[in-house]
Amino acid sequence: GDSYTALELPVSTASLALLRCSRGVLSLVLKACECAGAVCIVVEGELTKRRRRQQSTTTEQQGDDTSAKGEEEDGALALERRRDLIWQWISTLHEMAQRVGEGVTDLGMAMYPPINLRGSCKNDAATKTTTATTTTITTAWDDTPLGNEVSQQRDCLIAILKYVMEDESISRLLPGIGGDGIQMSEEVMELGSKIRSAIDVRVGEIELGLGAALMEER
């Protein structure tokens, strides 16, 4: 079968490493969902208590005192909304993870040798500008089939990392209980930080490798 050339091998190695980053992000998604699920369990437990108290209040007071009943109803509604928001957060994260999984397949297909270096868009050009002291090479690495898949996968991965680690909505899901939102574990935050650094390194390696291959091709 076909094998990689000397120029293609570093690109394929870095692309494989990016696939590993994708696997790491999917692992992070599972851990983040566990954190959100733990909060949801607490919310559901408190909601069950409030419902029981609400039923007890209704039975004992027979509607004579509506203030306590109203407080329980308001509290229960707030908890239900908080629970629903947490599930929506998990659902959104799941959809983002699906796109990463699809990207793994597409990226893997684009990695088959020989790597296609033909541009797919209008940027199918490589320019070389030379001055008296420097040479600047500009290549459309992300316009090749592999480069395009790498670029899209990078964007999907970083979007998940930002959603899990930086999105302010995590801490604004109707705190209510102890004033806390969805708190990501230290393990999730450390893993996310490491993966983000690895993504930047691998994409940089792919960009350089494809750029070199494109210049050699021309």
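1. Burial first: of the 218 residues in this predicted model, 35% are buried. As for contacts between residues at least 6 apart in sequence, 81% of them join residues at least 24 apart.

2. On the fold itself, I get four helices and two strands. Reading from the N terminus, the order is α-α-β-β-α-α.

3. Have a look at the pair formed by helix 3 (residues 145-165) and helix 4 (residues 186-217). Their axes lie 10 Å apart and the packing angle is about 165°. Angles over 145 degrees count as roughly antiparallel, so helix 3 runs roughly antiparallel to helix 4. The crossing of these two helices is left-handed.

4. Who makes that contact? On the helix 3 side the residues include Leu146, Val150, Arg154, Leu157 and Val164, and on the helix 4 side they include Val188, Gly192, Arg196, Ile199, Val203 and Ile206. By type, the contact of helix 3 with helix 4 splits into 14 nonpolar, three polar and three charged residues.

5. Now the largest nonpolar core, which has 47 residues. Leu18, Trp89, Leu146 and Val164 are the ones touching the most other members. Helix 1 (8-61), helix 2 (66-110), helix 3 and helix 4 each put in at least two residues, and helix 1 gives the most, with 15. Leu146 and Val164 also belong to the contact of helix 3 with helix 4.

6. Setting aside neighbours within four places in sequence, Leu18 is in contact with Leu107, Val150, Leu157, Ile199, Arg202, Val203 and Ile206. Among these, Val150 and Leu157 of helix 3 and Ile199, Val203 and Ile206 of helix 4 also take part in the contact between those two helices.

Technical notes. Residues numbered from 1 in each chain as written. Predicted model: local features only at pLDDT ≥ 70, side-chain atom pairs only at ≥ 80, totals over all residues. Heavy atoms only, no water. Axes fitted to C-alpha atoms, helices over the stretch in contact; angles between N-to-C directions. Parallel < 35°, antiparallel > 145°, perpendicular 65-115°, else oblique. Left-handed = near helix turned anticlockwise from the far one by under 90°. Contact = heavy atoms within 4.5 Å. Nonpolar A, V, L, I, M, F, W, Y, C, P; charged D, E, K, R; others polar. Core = buried A, V, L, I, M, F, W, Y, C linked by side-chain atoms within 4.5 Å. Buried < 20%, exposed > 50% of the residue type's maximum accessible area, 1.4 Å probe, protein only.
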